[in-house]
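Please open the model in your viewer and keep the selection panel at hand. The tour below goes from stop to stop, saying at each one what to select and what is found there.

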Amino acid sequence: MKRLAVALMLLTTFGVMAQRHEGQKMRKGQKMDLTTEQMATLQTKKLTLALDLSEKQQNQIMQISLEQAEFRKSKWEEINVKKESGEWKKPTSDERFEMENARLDRQIAHQQKMKEVLSDEQYQTWKKIKQRRTMHGKKKMREKGRRG
């Protein structure tokens, strides 16, 4: 009887531990349900909390975030339209190079804008936050590759 109870307890424990508990997440599809103004407002408020921004800085960051949100939303909708119509194809190596080059150019421009708006201390904190987020994303991509 003890063996049966121990075996059932072990099976139950393994069954529970094998379940993936990722918690509540906001996926890209859910983010894209928001308007560009809503996305920019949320981003600005997060940065305000993290960096203690002044009113002037908040307005400037809001404009920068709004531009980024509009660009992301338009690209996302463009890709979705292509996928739904069946026109979407895997990009060639030259197209991937052009896309990556354009993405890096946008990142450099964004970084320069942020440097103009933020103080030196705020800018360094922002860089650390950005780096942590990048590393977290890379970790998630590695995990996703292993699972699938």
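Contact, a word used throughout this tour, means heavy atoms within 4.5 Å. With that in mind, select Thr44, which touches Leu53, Gln58, Ile61, Met62 and Ser65 when residues up to four places away in sequence are not counted.

Before going further, please note that this is a predicted model, in which local features need pLDDT of at least 70 and side-chain atom pairs count only at pLDDT 80 or more, while totals for chains, interfaces and linings use all residues. Residues are numbered from 1 along each chain as its sequence is written, and side-chain values use heavy atoms, with hydrogens and water left out.

**The whole chain**

Colour the protein chain by secondary structure, and six helices and zero strands can be picked out, where helices (H or I, at least four residues) and strands (E, at least two) are DSSP runs numbered from the N terminus. Along the sequence the pattern reads α-α-α-α-α-α. Of the 148 residues in the protein chain, 16% are buried; buried means under 20% relative accessible area, exposed means over 50%, and partly exposed lies in between, with a 1.4 Å probe and protein chains only. Among the contacts in the protein chain with a separation of 6 or more, 64% are between residues 24 or more positions apart.

Return to Thr44, whose place is in helix H3, and which counts as buried because its relative accessibility is 5%. A distance drawn from the C-alpha atom of Thr44 to that of Met62, 18 residues apart along the chain, comes to 5.6 Å.

Select Ser65 next, a residue of helix H4 that is buried, with a relative accessible area of 5%. Its contacts, leaving aside neighbours within four places in sequence, are with Ala40, Gln43 and Thr44.

Then go to Thr48, also in helix H3, which is buried at a relative accessible area of 18%. Leaving aside neighbours within four places in sequence, Thr48 is in contact with Leu53 and Gln58, and the C-alpha atoms of Thr48 and Ile61, 13 residues apart along the chain, are separated by 9.1 Å.

Now show both helices together. Two packed helices are described by the angle between their axes and the distance between the axes. The axes of H3 and H4 come within 8 Å and cross at roughly 135 degrees; axes here are lines fitted to C-alpha atoms, for helices over the stretch in contact, and angles run from 0 to 180 degrees between N-to-C directions. H3 and H4 are therefore oblique to each other, given that angles under 35 degrees count as roughly parallel, over 145 as roughly antiparallel, 65 to 115 as roughly perpendicular and the rest as oblique. Residues making this contact include Thr36, Met39 and Leu47 of H3 and Gln58, Ile61 and Ala69 of H4.

Asp52 sits in the loop between H3 and H4 and counts as exposed, at 65% relative accessibility.

**Helix H4 against helix H5**

Show H4 and H5, which pack at an angle of about 170 degrees with their axes 10 Å apart, and which are therefore roughly antiparallel to each other. Among the residues making this contact are Gln57, Ile64 and Phe71 of H4 and Arg106, Met114 and Val117 of H5.

**The nonpolar core**

Finally, select Leu47, Leu51, Leu53, Ile61, Ile64, Met114, Val117, Leu118, Tyr123, Trp126 and Ile129, the eleven residues of the largest nonpolar core, a nonpolar core being a set of buried Ala, Val, Leu, Ile, Met, Phe, Trp, Tyr and Cys residues joined through side-chain atoms within 4.5 Å. At least two residues of this core come from each of helix H3 (36–51), helix H4 (55–85), helix H5 (93–117) and helix H6 (120–147), and H6 gives the most, with three residues.

Within this selection, centre on Met114, which touches Leu47, Ile61, Ile64, Tyr123 and Trp126, not counting residues up to four places away in sequence. The last stop is Ile129 in helix H6, which counts as buried at 18% relative accessibility. Ile129 touches Ala50 and Leu51, with residues up to four places away in sequence not counted, and the C-alpha atoms of Ile129 and Ala50, 79 residues apart along the chain, are separated by 8.8 Å.
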